[in-house]
Structures are given as structure tokens and as C-alpha cells.
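Here is a short note to go with the model. Please read the points with the structure open.

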Amino acid sequence: MTPAFRDDVFPQDVEAIRALVRSTGFFTEEECVMAGDLAAERLEKGLDASGYHFLFLGPAGAFQAYACFGPVCCAQGSFDLYWIAVSQDARGQGLGSRVLAEAEARMKALGCRKVWVETSTKPLYQPTRAFYVARAYRLEATLDDYYAPGDGKAVFSKTL
């Protein structure tokens, strides 16, 4: 049975997000904590005040993939895709593509005309960059040594 999408955030999602992001093996512990902090902020402040939209593929606390996105402050029709991640044990099943397509549809319904995504330039993230390029994202810029010496930032965009 294919899990359904949901956009409500529940308290058990905060730690589940951190665990899912950890499972990928891509992120530092600080980044994993921060990913959960966005959900905690959404729970504390609500959607309008936090600006963080969530999309989960699966039930609260036990989802297989998720995305977090929101409008860019003081920019007309631009949205940031803050996070998209698939549990390590669910990779290779097309869930990332499914979550991204649904997130893009929801952003477009909210008035998004352009999605912005940032990721690392480290070799570990080559599959991530290829994922975005395969889904019509365009590399807009790279910033050397942005995250750390030898770890640059790649900025992609897609017009919806």
C-alpha cells in the first residue's frame, strides 16, 4: 500500500525528522537537529508565523520521506525548498520524486513561480545535484567554501 501525503505537523514528527535526516548519512548532527527544529518552530508558532510548510509521506512519527518549504521573505513568488529527504531504507523507490512533485504542486497553488534549492558541492552530494537537474532544476550559482573549506554551496532553481 502506498503511503498518503499529509501536511499537518505532530510533536512526534520533530524527532522523526531528525532520525530520518540522520539515516541518510549526508548531514552533520547540527544539520539534523536544525531540520527537526523547523518542525518544532512550526508547532510552536503555527504555519503563518513560522512560514514552514511540511509535506510528509506517511503517518506521524513514522513517515518515509518529507519536504519542508516556504515563501522567501520580501520576494514575490519565490519559495525555498529547505529540506527534502527520504529514509535510507526507502531510497530507490521513487519517493523523493513523488515528494518533490507534490511539494512543487503545493507551492504553485500557494503562488510560487520559482523554487530555490541549496545543497553542498561535496562529492557526496553529486546524486543530490543530479536529482535536481533530472527534475528540470537549473544550477544558478556555486559559492566556493560556503559551508566549510572545501564544501561549497550549489544553488538551483526551477520555474513552476
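1. Secondary structure. The chain holds 4 helices and 7 strands. Their order along the sequence is β-α-α-β-β-β-α-β-α-β-β. Bear in mind that this is a predicted model.

2. Overall dimensions. The radius of gyration is 15 Å, which agrees with the value near 15 Å for a compact globule of 160 residues. The C-alpha trace spans about 35 × 35 × 30 Å along its principal axes.

3. Burial and contacts. Of the 160 residues, 44% are buried. Take the contacts between residues at least 6 apart in sequence: 58% of them join residues at least 24 apart.

4. Main core. The largest nonpolar core has 23 residues. L81 and Y132 have the most contacts inside this core. Helix 3 gives the largest share, 5 residues.

5. Y132. Which residues does Y132 touch, leaving out those up to four places away in sequence? The partners are L81, I84, V117, Y137 and F156.

6. Another core, of 18 residues, lies apart from the largest one. L20, V21, A35 and A39 are among its members. In soluble globular proteins, nonpolar side chains tend to be buried together.

7. Surface and charge. The accessible surface is about 8,300 Å², and carbon and sulfur atoms account for 54% of that area. The chain carries 17 positive and 20 negative side chains. The centres of these two sets are 7 Å apart.

Notes
Residues are numbered from 1 along each chain as its sequence is written. This is a predicted model: local features need pLDDT of at least 70, side-chain atom pairs count only at pLDDT 80 or more; totals for chains, interfaces and linings use all residues. Side-chain values use heavy atoms; hydrogens and water are left out. Helices (H or I, at least four residues) and strands (E, at least two) are DSSP runs, numbered from the N terminus. The radius of gyration is taken over C-alpha atoms; the globule rule is 2.2 Å times the number of residues to the power 0.38. Buried means under 20% relative accessible area, exposed over 50%, partly exposed in between (1.4 Å probe, protein chains only). Contact means heavy atoms within 4.5 Å. Accessible areas come from the Shrake-Rupley method with a 1.4 Å probe; for residues, only the protein chains shown count as cover. Lys and Arg count as positive and Asp and Glu as negative; His and the chain ends are not counted. The place of a charge is taken as NZ of Lys, CZ of Arg, CG of Asp or CD of Glu. A nonpolar core is a set of buried Ala, Val, Leu, Ile, Met, Phe, Trp, Tyr and Cys residues joined through side-chain atoms within 4.5 Å.
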